[in-house]
Amino acid sequence: MSGALSVVPAGVLSGVEALKLFEHARENKYAIPAVNITSSSVANAVLEAARDIKSPIILQVSNGGGAFLAGKGLANDKQQASVAGSVALAHHVRSVAPLYGIPVILHSDHCAKKLLPWFDGMLDADEAYYKINGVPLYSSHMLDLSEETDEENISTCVKYFQRMAKMGQWLEMEIGITGGEEDGVNNESASAESLMTKPEQVYKVHKALSAISPSFSIAAAFGNVHGVYKPGNVKLTPTILGEHQKYAREQDNSKNEKPLFLVFHGGSGSSKEEITTAVKNGVVKMNVDTDVQWAYLSGHRDYILSKKDYLMTQVGNPEGADKPNKKVFDPRVWVREGEKAIVERVKESCRDLLSENKL
């Protein structure tokens, strides 16, 4: 098998290059972890993990993550902070990603109908960047209109995809419902039946979008829930993804065994078996957010607890009343401990998704 770097370059990929990378993943039976980014610290740690384990990686920003990146002290009544923070993250990642020597897809996460001004703002930034550089700022964006009717969901995706396709951008969309709550989309009370997408629904999306460009993926629900829950409380059925592939293949008389690029949402806390089955059925991207958030906290928590006696005052510790503690409370020290924990957790996701040593 030729590695991913034989088909795409290191650094942030264009949408056209993202298609080549996802084709490589599909052909070689692996998926790529997608990690939500809330700071340059988290971004750098994720890039470090992917470099060390020799995996492609997806860095993505949510609406709330974008607002946090810009600063929680800013107003966001017109999504201006979310747009500014998302654009700032993109420029940071574009600046440092080539140094890590890995392919990076830069992506925005769930955008519900009420958050479309954020989406519009990012596309404005993409188009401005495209005019100068010949590629959009972001590789890819996601529309999550799963709260709307299928008809409105698909027609809105078509409208935006026509705009995005002019820049060669990738679109991810969601059909069906992912349970739990994620950045403006709350499905915590959804029934188990509504968390399962039907093959006919998925094919309807495929038919509408493939008429515009092949550069799109579908997050088809198979019992997924955002967040982490007690084992047994969430029942995933990744085998139905194979039914979606079979239906699309038969409808199109396709020679491609897996004609659909599928996405696994709500991946945190999933069993290794569920992840493996999803990848076998054509999943090329899996979101990992909650587990990485927990890792970041754990690294900070463990450091602070282990250094508690050095963190009560600026001067004075068990080594002496006049001993300074600056080297212990320097943010570059304790923030780095959170980064180290992220590195290990992202490596675990790469191994689960079989993306290790795929460069």
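Helix H2 (residues 40-53) is mostly covered in this predicted model, with 10 of its 14 residues buried, where buried means under 20% relative accessible area, exposed over 50% and partly exposed in between, computed with a 1.4 Å probe on protein chains only. Helices (H or I, at least four residues) and strands (E, at least two) are DSSP runs numbered from the N terminus. The buried residues of H2 are Ser41, Val42, Ala43, Ala45, Val46, Leu47, Glu48, Ala49, Ala50 and Ile53, and they pack against strands S2 (32-36), S3 (57-61) and S4 (103-108) as well as helices H4 (80-100), H10 (290-306) and H12 (331-352); contact here means heavy atoms within 4.5 Å. From its first C-alpha to its last, H2 reaches 20 Å, close to the 20 Å expected at 1.5 Å a residue, the expected span being 1.5 Å times one less than the number of residues.

Just after H2, Lys54 takes a positive phi of about 60°, in the loop between H2 and S3, and this residue is partly exposed, with a relative accessible area of 44%. Lys29 likewise has a positive phi of about 60° although it is not a glycine; Lys29 is found in the loop between H1 and S2 and, at 55% relative accessibility, counts as exposed. Most residues other than glycine have a negative phi.

Lys29 also belongs to the lining of the largest cavity, together with Ala25, Arg26, Tyr30, Lys258, Val279, Lys280, Gly282, Val283 and Val284. A cavity is a set of points, on a 1 Å grid over the protein atoms alone, where a 1.4 Å probe fits but cannot get out, and lining residues have an atom within 4 Å of a point.

Val205, in helix H7 (residues 199-210), counts as buried because its relative accessibility is 1%. Leaving aside neighbours within four places in sequence, Val205 is in contact with Ile154, Met173, Ile175 and Ile218, and its C-alpha lies 9.6 Å from that of Glu151, 54 residues apart along the chain. Cys157, placed in helix H6 (residues 150-165), is likewise buried, at 1% relative accessibility. Cys157 touches Leu143, Leu171, Met173 and Leu209, not counting residues up to four places away in sequence, and the C-alpha atoms of Cys157 and Glu174, 17 residues apart in sequence, are 9.7 Å apart in space.

The mean pLDDT of the protein chain is 92, and 90% of its residues reach 70 or more, pLDDT being the predictor's confidence in each residue, from 0 to 100. Over residues 226-234 the pLDDT is below 50, and this stretch has 18 contacts in the model beyond near neighbours in sequence. Where pLDDT is low, the predicted coordinates should not be read in detail.

Residues are numbered from 1 along each chain as its sequence is written, and side-chain values use heavy atoms, with hydrogens and water left out. In this predicted model, local features need pLDDT of at least 70 and side-chain atom pairs count only at pLDDT 80 or more, whereas totals for chains, interfaces and linings use all residues.

Terms used. On a 1 Å grid over the protein atoms alone, a cavity is a set of points where a 1.4 Å probe fits but cannot get out, and a pocket is an open set with protein on both sides within 12 Å along at least five of seven lines; lining residues have an atom within 4 Å of a point.
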